[in-house]
Amino acid sequence: MMTGDKNFKDTLFFESVREFWNERGRGARYRLTTVGISFFKGKVTLSKSKAENIEEFKKYLIDNNYCQSINYTEDNFSFTVEVEGCCLRNIREKYENNGMEILCCPIANMFMYIMELETRMSPELIPVQVENNVCKLTIAKMGTEEVTEKEE
Amino acid sequence: MNESKEYILERIKERKSIRDYTDQKVSEEDLKIILECARFAPSGENAQPWRFIVVRDEKSKEFLAQISKNGSGRRFTGEFLGKQMQARFAGLEDEEKKKKIFKKLTSGNVSAFVNQADLILIVCGKKDVWDTPYDCSAAIENILLAVSDLKLGCCWVIACVIDVRDEMKIKEYFNIPDDIKIISIFPIGYPARIPNIRPRIPLEKLVYREKYGDFYYPSREGEQ
């Protein structure tokens, strides 16, 4: 089977998102919050337990070389995932090289989907931070004024 | 400029985003005028892609209010956690006032009012045309001006549909087919409180001569 240059598909993905950004501006990120979910849903067996689903998804990603490692923490307001060595690094670098924020992260989308299965409310991904090949995905669980009382 | 030439400007200036409503009902006659104004908006190739759903059922209005509240609340909670909100209000020195604003934004209450209005108009657009967002926006401006001219109140609310996940929930609830997208929702009713006009950027900072960059109107004295 012919596979071609992997960078070709990465470039197409990035350019599609970039053109969407050019058309829709900042709002584009809210139209890309389901990208990747249907694919991952076909690969991961989801149960009723959020904790199990997170572990299952994490295992799938690592076992299938989507990334090298995943660590996560959770508090009352947010769920934070650190993804090391993501297979989408090429695309991420295209955002960086073009001075754009990361508009779409399929892995974050799936984590948000897993959380929504429990709460029935869509969470919010705050801008992705990247450091030393680690993407820090911070997901605000839901809207709540109690967050303003959170200690630094 | 004589009075007749200022008429349209004055009508446009009178339009405000209303977030507080009385219990008074919107008449069918007024509703029809509003919808007729929307219907006569311009559209590319005269496609007229707009479609409207009139929602008066309390349970449905509550559903839209809840989605709007969640949409606004999570976005602002995300902004708070990401520190963008603190940066945006860094210039505000009154800490108590700042905290009050942060609480209001993160709670989502800025968009939770929609069920207070007598009715909510959902503006949808057909996908299979070239210019749906633009066409529907023209219809929406007609709606806003008609509402204002009838001494009613309205607010353009997108918090409940800007995220595709929320739009999907609303589409399912209201049986909206796949070939139609939701543009925005509009609570319409009698205003209980009319806010002051919001600041506008002066023309001196908006209009360029021939090419982008060279201002058309000279700056007023004292302005940068």
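Q: Where in chain A does A:N65 lie?
A: Keep in mind that this is a predicted model. Follow chain A past α3 (50-63) and stop before you get to β1 (69-74). A:N65 lies in the loop between α3 (50-63) and β1 (69-74).

Q: What is phi of A:N65 near?
A: Most residues other than glycine have a negative phi. A:N65 isn't a glycine, yet its phi is positive. The value is near 60 degrees.

Q: Is A:N65 buried or exposed?
A: To count as exposed, a residue needs a relative accessible area over 50%. A:N65 has 62%, so it goes down as exposed.

Q: Which loop of chain B holds B:K151, and what is its phi?
A: Look in chain B between α6 (132-149) and β3 (153-154), and you'll find B:K151 in the loop there. B:K151 is not a glycine, but its phi is positive, at about 65 degrees.

Q: Is B:K151 buried or exposed?
A: Use the cut-off again: over 50% is exposed. B:K151 has 55% relative accessibility, so the label is exposed.

Q: How many residues line the second largest pocket, and which lie nearest its centre?
A: About 570 Å³ of space lies in this pocket. Its lining is made of 23 residues. Nearest the centre are A:E116, A:R120, A:S122, B:R165 and B:K169.

Q: Which helices each supply at least two residues of the lining of the second largest pocket?
A: You'll need to check both chains for this one. Chain A brings in α2 (37-41) and α5 (106-119), and chain B brings in α3 (58-81) and α7 (164-173).

Q: How many nonpolar, polar and charged residues are in the lining of the second largest pocket?
A: Sort the lining by class. You get seven polar residues, plus eight nonpolar and eight charged.

Q: What share of the contacts in chain B with a separation of 6 or more is between residues 24 or more positions apart?
A: Chain B has 224 residues, and 41% of them are buried. Its C-alpha trace spans about 55 × 45 × 35 Å along the principal axes. Of the contacts with a separation of 6 or more, the share from residues 24 or more positions apart is 76%.

Definitions and conventions: Residues numbered from 1 in each chain as written. Chains lettered and ligands numbered in written order. Predicted model: local features only at pLDDT ≥ 70, side-chain atom pairs only at ≥ 80, totals over all residues. Heavy atoms only, no water. Helix = DSSP H or I, 4+ residues; strand = E, 2+ residues; numbered from the N terminus. Buried < 20%, exposed > 50% of the residue type's maximum accessible area, 1.4 Å probe, protein only. 1 Å grid on protein atoms, 1.4 Å probe; cavity = no way out; pocket = protein on both sides within 12 Å on 5 of 7 lines; lining within 4 Å. Points joined across faces, edges and corners; volume = space filled by probe spheres on them. Nonpolar A, V, L, I, M, F, W, Y, C, P; charged D, E, K, R; others polar. Contact = heavy atoms within 4.5 Å.
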